[in-house]
Amino acid sequence: MPKIFEYDTIAAVATPTGEGGIGIIRLSGPDSIGIAEKIFKRKSSGPWESYRLYYGHVVDPGNGEVIDEALCVLMKGPRSYTREDVFEIHCHGGSLVTQRVLELVLREGARPAEPGEFTKRAFLNGRIDLTQAEAVIDLIRAKGQAGHSAAADQLAGRLYSKLTEVKDRLSSVLAHSEAYIDFPEEEIELSTRDQFLNALSDVAALLKGLISSYDEGRVYRDGLSLVIVGRPNVGKSSLLNLLLREKRAIVTSVPGTTRDVIEEYMNIRGVPLRLADTAGIRETEDLVEIEGVKLAREVLKRADIALFVVDGSRPLTDDEWTLAEELKGKKYILIMNKSDLPNALRDEDISKLRGEMQAVSISTITGEGIEALNDAIFKEALRGKNEASGGLVITRARHRDTLQKALDSVSSSMEGIRGSLSPEFYTVDLRAALNAIRDIVGETTPDDILDRIFSEFCIGK
Amino acid sequence: MKDSKIYDVIVIGSGHAGCEASLAAARVGLSTLCLTINLDTIGLMSCNPAIGGLAKGHLVKEIDALGGEMAKNTDATGIQFRILNASKGPAVRGSRAQADRTLYKNRMKTVMESQPNLDVKQGIVDDILVEEGHVVGVRSNIGVEYYGKSVVITSGTFMKGLIHVGLVNYAGGRSGDLPSEKLSDSLRNLGFEIGRLKTGTCPRLDAKTIDFSNLIPQHGDEPPAPFSFSTKEITQRQVPCYITYTNEETHNIIRSGLDRSPLYSGVIQGVGPRYCPSIEDKIVRFPDKIRHQIFLEPEGYATQEIYPNGLSTSLPYDIQLKLVRSIPGLEKAEIMRPGYAIEYDFASPTQLKPSLETKMVKGLFFAGQINGTSGYEEAAAQGLIAGINAALFVKEEEPLIIDRSEGYIGVMIDDLVTKGTSEPYRMFTSRAEYRLHLREDNADLRLREKGYSIGLVSEDDYRAFTEKKREIEAEMERLKTVKVPVTAEVNSKLESLNSVRIVEPITLENLLKRPEIRYKYLMEIAELPHPHPDPLPDGEGKLPPLQGEGWGGDGVSKAVAEQVEIQIKYQGYIDRQMEQVERFRKTEKMRIPDDLDYSEVPSLSREVRDKLSKIRPLSIGQASRISGITPAALSILMVYLKGRNRKQNGGAVGWIKA
């Protein structure tokens, strides 16, 4: 049965994605209060009052870790947007915190809302007036189409094919189990218990890999911090501008123009990046510049990846060798700027400077090499991230929730098989697993299973 | 000529569907006519002489719970009873019985003919008479017009039946019976979509010519377990079947005859069932299989005819004879009747409402193979529902609709009317999503009330049912309250049952939840000496007043014990299933009005709109099961209906109640 019928408790981040001052996680449904109580520790006690703002902390009930300081408000149904009990958690903005809070409420029993679902409930529960019915229908349709086109994107496409494999293996175990149930008098060769368990543990491993890739998939949601470092006047700010495709930093030919740290947000192939331009790092007497250099070193320490810019048209200086020393143990990309000018770098120096890291030659004047740089950044961002899941990273809480449900069902079916349970019991779990991934790969109907049985076994008298 | 009577219900056909339909209508007090092509073949088993099996046994028990005849008829004439899957869980055990073909049909004929309100007559129906969209009667091939307020068609394989043996074919409703050549034309003229299906059967062998000495006998269960909730015991003599196998020679013979197979030479157009393939189909599709099992089933006490189950074929007669004789035990076998395939007309079941009434003609109902199903049990179940609903139609009452959470009957009818079928539809337990709840053992608990309120269950049967229900509740309660004390005897008994010792008193219910503890062991534990915790003043260690009353139980019946055991042992799974059932019922209650014009629903794709207009689902739940109806389309529909409803009710919120 499609999820849309289930009047369970749904949750979603209500504020737009990206960095903002406040992020709101909204819950709607009969368990809103129950779930909120599990994760929100408020200062005051006593029963929840509707429309009152409570101060407290979001705490992971699993390990007691405080996630964030937050404000909460309950809007008791029917006096709420959906006419159900609605609970909102206002926490600090930033996708990391809001995602973690959302994950918590999902773990405690909420289900990720479908597109337009809050609005739909509002309508079905009589909250929105009749003239808005058409608008709601359009909304559902629009979201449906957006979802559809999203399915065509590369990530979703790969998830689809991975899960199709999962579906296929589950269906096969299910078909064998069903044949065993429905055709007791046939001489058919069914898979053994061990074969079932092997197939299911493969499926479980695959699901586990995908689920853990969600944490690695954080780079897609929360992004990475990049810092541009280099000796003064090698073109750091020009590079920033080029990457951002706009004039943001002041660019002059006077070394040391950038005294403070400039931060900008950008996106390379879906990976959000926080890009910081820093003062050129060099030995200096200028007090203001000393501050800038100090700051730059701190930013460098915190950054995930450094873009180490050198001037390819001039020989290397001591400052650069010092900086290279500081970059040891850090992810960085060596960028040789000014490729429009004759090269003055020796190959052995380049290979010493880059070590194990990537090196790209660019010109901030002509834009040459910028695509190669984007490639290098993307590659670096995902390096070592997604091996467990065969290179596939899942990014949506909804997908993770789905996969977790499927994994739980697969695990309990395995338990059933190990405990020599009659197949009609563990097939309930197999079906539940197939139902869980239904939203991504489509439904598995009893006819699909029967088709498998009849194509695989010689059955019937 | 016009028949002077006006019947309430006219049933065409007297097979398994026709008999149930006729009896149901007559038993609720409506004047009923059953017209059959041949009065000598009432309730005839055209194919194998057996009733039940996996999922089919479920249907038979449900028919019985509702007050149908099939289970009783089987109990009275069965010659071998077995419970299939006895080693598996209770939900997937299936009862199966071999029946004496002649006794079965004779008893059914007697029941039909002695049923008050029921006229049984011979006649071939050529035309369905319809006035202004209402059925008014039927016309026979000799020009007799019978009038009726409702008509149930159970035509089996008779409509334009075409029998194939090799490349020879001839018209027939079944081997030895006339076909109905004109009825499907009449339906086509009324606007029904008619298709073509195919099925087949085995040659019948002469037992005198079979050498059983080296074959493996297969005996039934002892004691045989009856189908009907009303049958106390099976007393007639039970007989064995025998098992033999095909071999490579058999397969070569079959291959040598494929060029004259109507199936492979393209003569047969109708679609056959994949789960009931002919032997040639099995050889072609699974060439690596070195042998196929054949069950030799006796057709009755007083006949030599043997049904070689597994040898369905439409190969030419010479090949049939050769292939039979290549099989161990059958080297000298004579064929008494050849195997054959039959093609017949059916009407796509998506043209029906869940009541089995046609959407196009009021008062006209279809049941059995005309709806694209196969199997006696599937036919009987539909016949019963069609008969009941024809009667309710005449009485202007709401139809009886069993939903998917109430019975296999509901699963089957919902599948048929919602999805249609492209091959003969057979019931499987895997089709039932609430399989753990839809068990043979609780068919009465699920459906007896309905049968009684319609008037098909006798007062005696109903009283027995309510008594059983009461006993189950009382026993469940007792097991919850009575505690087993910690004694050396109890613990050594538990150890002998490979069960963990108890360290504190435990309820019988919790003990029964242990997988290794069966209900009967509770009784054994109850019989152990149980000293009173505090010795009585006179020093006599009298037997319990233990914690709780009624320690030993007062001997509940086997059926009650079984029910209690299942409900307690599988409670976790059953509860989970019941939660799903609750959710399912919610969407079934979201009714879609009959008169909804889908072209007025905005934003639906053309494909979705066409499908919904064709199927006309009764509820959002049913709509969700139509293939190709997306969750988005359902959302749109729900929102539209809500808006429409609110407009009509002046702002009130709530689903339209049917």
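Buried residues make up 53% of the 658 residues in chain B. A residue counts as buried if 20 or more other C-beta atoms, placed from the backbone, lie within 10 Å of its own; it is exposed at 12 or fewer and partly exposed in between. The model is predicted: local features need pLDDT of at least 70 and side-chain atom pairs count only at pLDDT 80 or more, while totals for chains, interfaces and linings use all residues. Residues are numbered from 1 along each chain as its sequence is written, and chains are lettered from A and ligands numbered from 1 in the order in which they are written.

Chain B holds 20 helices and 22 strands. These are DSSP runs (helices H or I, at least four residues; strands E, at least two), numbered from the N terminus. The radius of gyration of chain B is 28 Å, close to the 26 Å of the globule rule for 658 residues, so the chain is as compact as a globular protein of that length. The radius is taken over C-alpha atoms, and the rule is 2.2 Å times the number of residues to the power 0.38. Of the contacts in chain B with a separation of 6 or more, 73% join residues 24 or more positions apart. A contact requires C-beta atoms, placed from the backbone, within 7 Å.

Helix α10 of chain B covers residues 408–419. It is mostly covered, with 11 of its 12 residues buried. Among them are Tyr408(B), Ile409(B) and Asp414(B). The buried residues of α10(B) pack against α2, α9, α18 and α19 of chain B. Gly420(B) follows α10(B) and has a positive phi, near 70°.

The largest nonpolar core has 159 residues. Such a core is a set of buried Ala, Val, Leu, Ile, Met, Phe, Trp, Tyr and Cys residues joined through C-beta atoms within 7 Å. Leu207(A), Val9(B), Ile10(B), Val152(B) and Ala391(B) touch the most other members. α9(B) gives the most to this core, with 13 residues. A second, separate core of 49 residues includes Phe118(A) and Ile615(B). Beyond its neighbours within four places in sequence, Ile10(B) contacts residues including Leu33(B), Tyr146(B) and Val151(B).

Three strands of chain B form an open antiparallel sheet in the order β3-β5-β4. Strands pair if DSSP finds at least two bridges between them. β3 (50–52) and β4 (78–84) of chain B are the edge strands, each pairing on one side only. β3(B) and β5(B) pair over three bridges. Ile51(B) stands opposite Ala97(B) in β5(B).

Conventions:
Contact = placed C-beta atoms within 7 Å. Expected span 1.5 Å × (residues − 1).
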